[in-house]
Amino acid sequence: AACSFAKPKVLTAASGLKFIPEELAVHCRDFRLLRFQFHESGLQPQAFRVSPPGERGDGVEEEKEDDSEEEEEEGPTLLFESLPDWEKELKRQGAAGWRVSAVNERFDMATSLPRYLWVPGRLLDKDLKRAFVHFEERRVPRLCWHHPGGSDLLRSAGFHAASEPQREDGREVASLLAARRCAVVLQGDTGGTAGGTAVTPGGPYPLCRPAEPHDRDFNCLVASLAQLLADPHARTLPGFQSLVQREWVAAGHPFARRLGLGRPSPRDEAPVFLLFLDCAWQLLRQFPGRFGFTESYLLALHDSSFVPYLSTFLFNCQWQRGRGGRPPGSAQSYIPVSGWREPAAPGGAQRDGIPPAGGRRRPLSVWDWRLRYSRQQRSRFRNPAGPRAPPAPTEPPGSQPLGTAVSWDG
């Protein structure tokens with residue numbers, strides 16, 4: 001902040017001003033410099049008022065109604081924090097033979113995985129529990145996406161170095177997964193091999209090895225791009241947001257470390273999620289009529305990934321996010337409607353990370369666009385010529401012979 005009577009002053013969250021600024025310069029971490037100049041009368045203290053959502057003046061309720069109409073038209077964004085979200089998406093995909101397992105509901109199986117997993121319907125939870133120890137960070141194979149033609153896309157970490165995948169429990173899981181029709185598995189590589197097939201008692205199934213052992217970076221990228229190319233629903237605005245929630249946020253992509261939030265080691269930083277947004281932008285430029293969102297939306301999402309008060313990109317996994325904690329190296333988190341806050345005390349957060357009544361507010365989601373963008377700005381996010389989400393299938397697709405070629409053109 002600066003004025004003609006004083007030299008520029010660097011402002012922090014705890015700074016106070018003894019003068020009325022004439023200009024405000026904001027240095028963004030993406031190297032942009034934003035300058036705000038005020039009139040000759042300066043910035044008046046009474047010019048701005050910060051108040052929580054729902055306590056503002058006229059017009060807010062009308063805007064909420066418009067948002068509800070938009071959501072009804074295109075469908076809601078699934079956050080995949082509750083069991084009904086996973087069941088709803090599984091039904092939309094028509095994935096017969098799969099079920100939602102709550103084996104990791106308390107994160108006692110794997111802290112980096114979501115609470116709920118899509119697993120074969122014939123696989124019992126007691127058998128699934130024995131398979132966790134065979135995989136890096138205990139990230140077992142699970143369904144990622146089901147193609148309407150009958151093929152399945154799965155994700156998995158690489159086998160743990162000390163595991164014995166040929167033991168009975170390991171072979172049982174591999175056999176059930178291989179029994180699926182044309183199951184493509186994105187699996188981490190811990191042995192230095194690249195590509196190939198895994199032969200199990202149920203037969204061979206193709207493997208895609210992005211050479212990362214933990215299934216938390218490039219598996220997110222490859223799985224998301226496959227769905228963006230093949231599933232029209234993923235190219236709608238709510239479908240794209242649900243895709244990011246499922247394959248990145250719930251799946252445990254370490255946003256805080258990769259985006260450099262807090263004070264992580266520089267060696268952990270890698271813009272994998274930003275690479276995905278760039279890939280989506282490249283596809284949007286080539287096929288603008290196939291997407292329900294615009295370049296403006298992708299730019300807003302890119303900028304939002306560095307906002308320090310949005311819980312979506314502030315943590316490394318759903319377990320950490322649900323505890324109401326904070327990324328390593330961060331002392332506080334900022335919420336516009338209630339100001340700076342200290343982290344919650346151990347055991348203070350309730351189920352799904354919602355604080356008890358009368359406690360602290362829950363951190364904002366990046367998808368709460370209404371709280372940060374005007375109606376006119378949000379209207380630029382939607383492509384009126386883009387696709388609409390297809391209706392959910394009422395019954396599983398017709399069966400096809402094993403090995404039948406399937407078109408992946410959305």
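## Salt bridges, a hairpin and a helix

R130 and D127 both sit in helix α3, three residues apart, which is about one turn of the helix. The model shown here is predicted. In it, R130 forms a salt bridge with D127, and their closest N and O atoms are 3.0 Å apart. Are the two partners buried or exposed? R130 counts as partly exposed because its relative accessibility is 40%. D127 counts as buried, at 7% relative accessibility. An α-helix has 3.6 residues a turn, so residues three or four places apart point the same way.

### The salt bridges

The structure holds 13 salt bridges. Side chains of opposite charge can pair when their charged atoms come close.

| Pair | Closest N and O atoms |
|---|---|
| R130 and D127 | 3.0 Å |
| E89 and R92 | 2.8 Å |
| E89 and R246 | 3.7 Å |

Take E89 and R92. Both belong to helix α2 (residues 83-93), and they are three residues apart, so about one helical turn separates them. R92 counts as buried at 16% relative accessibility. E89 is buried too, with a relative accessible area of 3%.

E89 also forms a salt bridge with R246. That pair links distant parts of the chain: E89 is in helix α2 and R246 is in helix α6, 157 residues apart. Both E89 and R246 are buried.

Return to helix α3, where R130 and D127 both lie. Elsewhere, salt bridges that share partners build one network, joining E89, R92, R139, R142, R155, D215, D231, R246 and E247.

### A hairpin with a buried strand

Strand β5 (residues 142-146) pairs with β6 in the antiparallel sense, over four bridges. The two strands form a hairpin with five residues between them. G150, in the turn, has a positive phi of about 120 degrees. Across the pair, W145 stands opposite L153 in β6.

Why is β6 described as largely enclosed? Five of the five residues of strand β6 (residues 152-156) are buried, so the rest of the structure largely encloses this strand. In a regular strand the side chains alternate between the two faces of the sheet. In β6, both faces are covered. D152, L154 and S156 are buried on one side, and L153 and R155 are buried on the other.

### Helix α8 and its neighbours

Helix α8 (residues 272-286) has 15 residues. It reaches 21 Å from its first C-alpha to its last, close to the 21 Å expected at 1.5 Å a residue. Which residues of α8 are buried? They are V272, F273, L274, F276, L277, A280, L283 and L284. These buried residues pack against α5 (218-230), α6 (237-250), α7 (255-258) and α9 (295-304).

V26, L34 and F36 make a nonpolar surface patch of about 220 Å². V26 has its place in strand β1 (residues 23-27). At 33% relative accessibility, V26 is classed as partly exposed.

L124 lies in the loop between β4 (117-120) and α3 (125-131). L124 also counts as partly exposed, at 44% relative accessibility. Its C-alpha atom is separated by 9.7 Å from that of V103, 21 residues apart along the chain.

### The whole chain

The chain has eleven helices and eleven strands. Of its 410 residues, 44% count as buried. The accessible surface comes to about 21,600 Å², and 54% of that belongs to carbon and sulfur atoms. Among contacts between residues at least 6 apart in sequence, 62% join residues at least 24 apart.

Key
Residues are numbered from 1 along each chain as its sequence is written. This is a predicted model: local features need pLDDT of at least 70, side-chain atom pairs count only at pLDDT 80 or more; totals for chains, interfaces and linings use all residues. Side-chain values use heavy atoms; hydrogens and water are left out. The expected span of a helix is 1.5 Å times one less than its number of residues. Buried means under 20% relative accessible area, exposed over 50%, partly exposed in between (1.4 Å probe, protein chains only). Contact means heavy atoms within 4.5 Å. Patches are made of residues with over 30% relative accessible area and no salt bridge: like charges are joined within 9 Å, nonpolar side chains (Val, Leu, Ile, Met, Phe, Trp, Tyr) within 5 Å. Accessible areas come from the Shrake-Rupley method with a 1.4 Å probe; for residues, only the protein chains shown count as cover. A salt bridge is a side-chain nitrogen of Lys or Arg within 4 Å of a carboxyl oxygen of Asp or Glu. Two strands pair if DSSP finds at least two bridges between them.
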